[in-house]
Amino acid sequence: MSSRGIVLLGAPGAGKGTQAVLLAKKLGVPHISTGDMLRAAVAAQSPVGLKAKAVMDAGQLVSDEIVIGIAEERLKADDAADGFILDGFPRTLGQAEALDRLLEGIGLRIDCCLAITVDTEGIVKRLLKRAEIEGRADDNEATIRERMRVYAVETEPLLGYYAARSLVREVPGMDSVPEVSDAMVAALEAA
Ligand code: B4P
């Protein structure tokens, strides 16, 4: 399995972050999570964090301008040159188009979009459980349902965007964490 540019797509709580960590270890490439970078910016109370906090707490998407800026900075780092896993980015068509332009400019590209498929009620339960453990401000039921709605409107259309280039591989996401991880590796090997 060679290293390359991978996008993980999936609803909130589908397990993108969980699986990206495992896959990054297996492939030896960086895991790039815009959610993690935004939460770090919020914790550091940086200018980006101050703008992002209320938006994230309400379950809305942070502006394309901010997210593209932080993703660009990270993708230009040397360690992304041999492959990368994007987790939670792109999340809008504008982000996907900006990502393609940015990658083209630095001689990289997306080779595979792994789409984690889940059932809504199952992931609402998962995220409520994470709320008990981690206490994330956006993991309460009303915000979770708003994030699902935003996902369906803004992010799901990206499946068509990548399918048009035959890059989408679907992976069932309701099995155990190791089972989903194995299915991801198998999907990549078959890609
Ligand atoms: P993210 O950090 O991307 O979070 P997420 O979509 O909620 O979660 P993910 O799918 O990674 O699930 P996880 O593995 O954690 O985004 C948070 C917010 O940041 C967004 O709402 C938005 O405001 C902002 N943002 C981020 N990127 C943006 C962008 N590009 N543009 C604009 N705004 C952006 O798994 C969830 C839980 O399930 C965990 O507790 C995990 O332990 C558990 N779990 C995982 N897999 C499981 C399995 N197979 N079985 C049982 N439990 C499992």
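Let me begin with a convention: Ala, Val, Leu, Ile, Met, Phe, Trp, Tyr, Cys and Pro are counted as nonpolar, Asp, Glu, Lys and Arg as charged, and the others, Gly among them, as polar. Please also keep in mind that this is a predicted model.

With that convention, the lining of the second largest pocket comprises 11 nonpolar, 3 polar and 2 charged residues. The space in this second largest pocket is about 190 Å³. It is lined by 16 residues, of which A11, I116, V118, Y151 and E156 are the closest to its centre. Two or more lining residues come from each of β4 (112–117), α6 and α7.

I turn now to the largest pocket, whose volume is about 970 Å³. It has 47 lining residues, and those closest to its centre are G13, K16, R130, R136 and R147. By class, the lining of the largest pocket divides into 19 nonpolar, 16 polar and 12 charged residues. Which elements each supply at least two residues of this lining? They are β1 (5–9), α1 (16–27), β2 (31–33), α2 (34–44), α6, α7 and α9 (177–190).

Is D138 buried or exposed? Its relative accessibility is 9%, and because buried means under 20%, D138 counts as buried. The D138 side chain makes a polar contact with the side chain of R136, at 3.0 Å. Leaving aside residues up to four places away in sequence, D138 touches M56, D57, T143, I144 and R147.

Next, L159, which lies in helix α8. At 24% relative accessibility, L159 counts as partly exposed. Beyond four places in sequence, L159 touches L9, A115 and V168. L159 and R169 are 10 residues apart in sequence, and their C-alpha atoms are 9.8 Å apart in space.

I close with some points of backbone geometry. The peptide bond from F89 to P90 is cis, with omega near 5 degrees, and P90 is placed in the loop between β3 (84–87) and α5 (93–105).

Q45 is not a glycine, yet it has a positive phi of about 55 degrees. Q45 sits in the loop between α2 and α3. Why does Q45 count as exposed? Its relative accessibility is 59%, and exposed means over 50%, so Q45 falls in that class.

S166, also not a glycine, has a positive phi of about 55 degrees. S166 is found in the loop between α8 and β5 (168–172). With a relative accessibility of 53%, S166 counts as exposed.

How values were computed:
Residues numbered from 1 in each chain as written. Predicted model: local features only at pLDDT ≥ 70, side-chain atom pairs only at ≥ 80, totals over all residues. Heavy atoms only, no water. Buried < 20%, exposed > 50% of the residue type's maximum accessible area, 1.4 Å probe, protein only. Polar contact = N/O pair within 3.5 Å; in protein donor to acceptor, adjacent residues only side chain to side chain. Contact = heavy atoms within 4.5 Å. 1 Å grid on protein atoms, 1.4 Å probe; cavity = no way out; pocket = protein on both sides within 12 Å on 5 of 7 lines; lining within 4 Å. Points joined across faces, edges and corners; volume = space filled by probe spheres on them. Helix = DSSP H or I, 4+ residues; strand = E, 2+ residues; numbered from the N terminus.
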